[in-house]
Amino acid sequence: MLRDELRGKIVAKLMNARCEIEDALNLSAPAARYDPVVMPNSTRNKLAAIVEELNGVLSRIDGSQ
């Protein structure tokens, strides 16, 4: 497999992971004041940090091309 092709597959996987985590965060946010808490704020904060880390990794990969 060519290096650029492999890099593209890795970037696609990481972008999909980021999107899935963002979707989970959006689904877990209570829409109204009395909606049940599905995920504690500490867990939501950890997932948000993972999204930011993935953004950084993707930027570094793009910068190394």
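Which residues gather in a patch of negative charge on the surface? The points below take this up and then turn to other parts of the predicted model.

1. The negative patch. Four residues make up this surface patch of negative charge: Glu20, Glu22, Asp23 and Glu52. Helix 1, which covers residues 3–28, is the main contributor, giving three residues to the patch. Glu52 lies elsewhere, in helix 2, which runs over residues 41–63. Glu52 has a relative accessibility of 53%. It counts as exposed because the cut-off for that class is over 50%.

2. The salt bridge. The structure holds one salt bridge. Its partners are Glu53 and Arg60, and their closest N and O atoms are 3.7 Å apart. That separation falls inside the limit used for a salt bridge, which is within 4 Å. Arg60 is exposed, at 53% relative accessible area.

3. Ser28. This residue belongs to helix 1. Is Ser28 buried or exposed? Ser28 is buried, since its relative accessible area is 5% and the buried class takes values under 20%. The side chain of Ser28 also makes a contact with the backbone: it reaches the backbone oxygen of Leu25 at 3.0 Å.

4. Cys19 and Val51. Cys19 sits in helix 1. With 35% relative accessibility, Cys19 is classed as partly exposed. Along the chain, Cys19 and Val51 are 32 residues apart, while their C-alpha atoms are separated by 8.5 Å.

5. Val11 and Arg60. Val11 is another residue placed in helix 1. A relative accessible area of 13% makes Val11 buried. How many residues apart along the chain are Val11 and Arg60? They are 49 residues apart, and the separation between their C-alpha atoms is 11 Å. Arg60 is the residue already named as the partner of Glu53 in the salt bridge. Val11 is thus described as buried, whereas Arg60 is described as exposed.

6. Asn45 and Leu14. Asn45 is placed in helix 2. Asn45 is exposed, having a relative accessible area of 54%. In sequence Asn45 and Leu14 are 31 residues apart, and in space they are 19 Å apart from C-alpha to C-alpha. For the pair Cys19 and Val51, the values are 32 residues and 8.5 Å.

Notes: Residues are numbered from 1 along each chain as its sequence is written. This is a predicted model: local features need pLDDT of at least 70, side-chain atom pairs count only at pLDDT 80 or more; totals for chains, interfaces and linings use all residues. Side-chain values use heavy atoms; hydrogens and water are left out. Patches are made of residues with over 30% relative accessible area and no salt bridge: like charges are joined within 9 Å, nonpolar side chains (Val, Leu, Ile, Met, Phe, Trp, Tyr) within 5 Å. Accessible areas come from the Shrake-Rupley method with a 1.4 Å probe; for residues, only the protein chains shown count as cover. A salt bridge is a side-chain nitrogen of Lys or Arg within 4 Å of a carboxyl oxygen of Asp or Glu. Lys and Arg count as positive and Asp and Glu as negative; His and the chain ends are not counted. The place of a charge is taken as NZ of Lys, CZ of Arg, CG of Asp or CD of Glu. Helices (H or I, at least four residues) and strands (E, at least two) are DSSP runs, numbered from the N terminus. Buried means under 20% relative accessible area, exposed over 50%, partly exposed in between (1.4 Å probe, protein chains only). A polar contact is a pair of N or O atoms within 3.5 Å; within protein, one must be able to donate a hydrogen and the other to accept it, and residues adjacent in sequence count only if both atoms are side-chain atoms.
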